[in-house]
Amino acid sequence: MTARAIELPLTKAVAATLRAGELLHLSGPLFTARDAAHKRLIEGLERGDPPPFPLENAVIYYVGPAPAREGRVIGPAGPTTSGRLDPYTPPLLGRGVSGLIGKGTRSDEVKAALRRHGAVYLAAVGGAAALLSQQIVSSRVIAYEELGPEAVRELVVVAFPVIVVNDSHGGDAYEEGRRQYVRPRE
């Protein structure tokens, strides 16, 4: 299967064309945030603080990269389990976030919010952190520096490989895969 090249930021119009199971190569800016950063981000938004990056059409990668070795932009940067971020996801989608990258399944509430807001959930391959980091050409901390690896970063990626898991139309690659390959019990 050939990967489809997608330029970031991810507009809602482009997100609407993506389908569950589709392989993508993302290029452009995305933002990192894990548990602690999401908590602070949501608390700030609830207080009326401006977000540390533009949420409209943003893609958030659930990652806490390791320190960079000499001569590298970033250390290993593999996805974290997305389910832990489910409580924070619907409010961010409501503010214009159009894509999320992680690993694992999402709750029914998040899947409904993806459909409602025209956004997508993408999976990066877990266990391939060193390989994924090779697709990151720049990294800079933009918020919550004191959180170390969980600080919010702006990454610029080139041909960053992901799979559409949940599309904005209700498609779910994990469910479709199970239906295709799991044999009924006799």
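Asparagine 166 lies in strand S7, where helices (H or I, at least four residues) and strands (E, at least two) are DSSP runs numbered from the N terminus. This is a predicted model, so local features need pLDDT of at least 70 and side-chain atom pairs count only at pLDDT 80 or more, while totals for chains, interfaces and linings use all residues. Residues are numbered from 1 along each chain as its sequence is written, and side-chain values use heavy atoms, with hydrogens and water left out.

With a relative accessible area of 3%, asparagine 166 is buried; that label means under 20% relative accessible area, with exposed being over 50% and partly exposed in between (1.4 Å probe, protein chains only). Its side chain makes a polar contact of 3.1 Å with the side chain of aspartate 172. A polar contact here is a pair of N or O atoms within 3.5 Å; within protein, one must be able to donate a hydrogen and the other to accept it, and residues adjacent in sequence count only if both atoms are side-chain atoms. Setting aside neighbours within four places in sequence, asparagine 166 is in contact with Arg106, Lys111, Leu114, Ala119, Val120, Tyr121, Gly171 and Asp172, contact meaning heavy atoms within 4.5 Å.

## Strand S5 and its partners

Tyrosine 121 shows up again in the pairing, as its bridge partner in S7 is asparagine 166. S5 and S7 (residues 152-166) pair in the antiparallel sense over three bridges; two strands count as paired if DSSP finds at least two bridges between them. With S4 (residues 99-102), S5 pairs in the parallel sense over four bridges, and glycine 99 has valine 120 as its bridge partner. S4, helix H4 (residues 108-117) and S5 make a right-handed β-α-β unit: with the strands pointing away from the viewer, the path from the first strand over the helix to the second runs clockwise.

In a regular strand the side chains alternate between the two faces of the sheet. In S5 (residues 120-123), Val120 and Leu122 point one way and Tyr121 and Ala123 the other, and all are buried. The loop between S5 and helix H5 (129-133) holds alanine 128, which counts as buried at 16% relative accessibility. Alanine 128 sits 41 residues from histidine 169 in sequence and 29 Å from that residue in space, C-alpha to C-alpha.

Strand S2 (residues 23-32) is mostly covered, with seven of its 10 residues buried. S2 pairs with S7 in the antiparallel sense over eight bridges, and leucine 30 has leucine 155 as its bridge partner in S7.

S2 also runs parallel to S1 (residues 4-7), joined by four bridges, with isoleucine 6 opposite leucine 26. Two bridges join S2 to S3 (residues 59-61), again running parallel; there, phenylalanine 31 is partnered with isoleucine 60.

## Two nonpolar cores

A nonpolar core is a set of buried Ala, Val, Leu, Ile, Met, Phe, Trp, Tyr and Cys residues joined through side-chain atoms within 4.5 Å. The largest one has 26 residues, of which Phe53, Ile60, Leu92 and Leu100 touch the most other members. Helix H2 (35-47), helix H3 (89-94), H4, S5 and S7 each give two or more residues to this core, and H2 gives the most, with four. Apart from this core lies another, of 24 residues, among them Leu10, Leu132, Val157 and Phe160.
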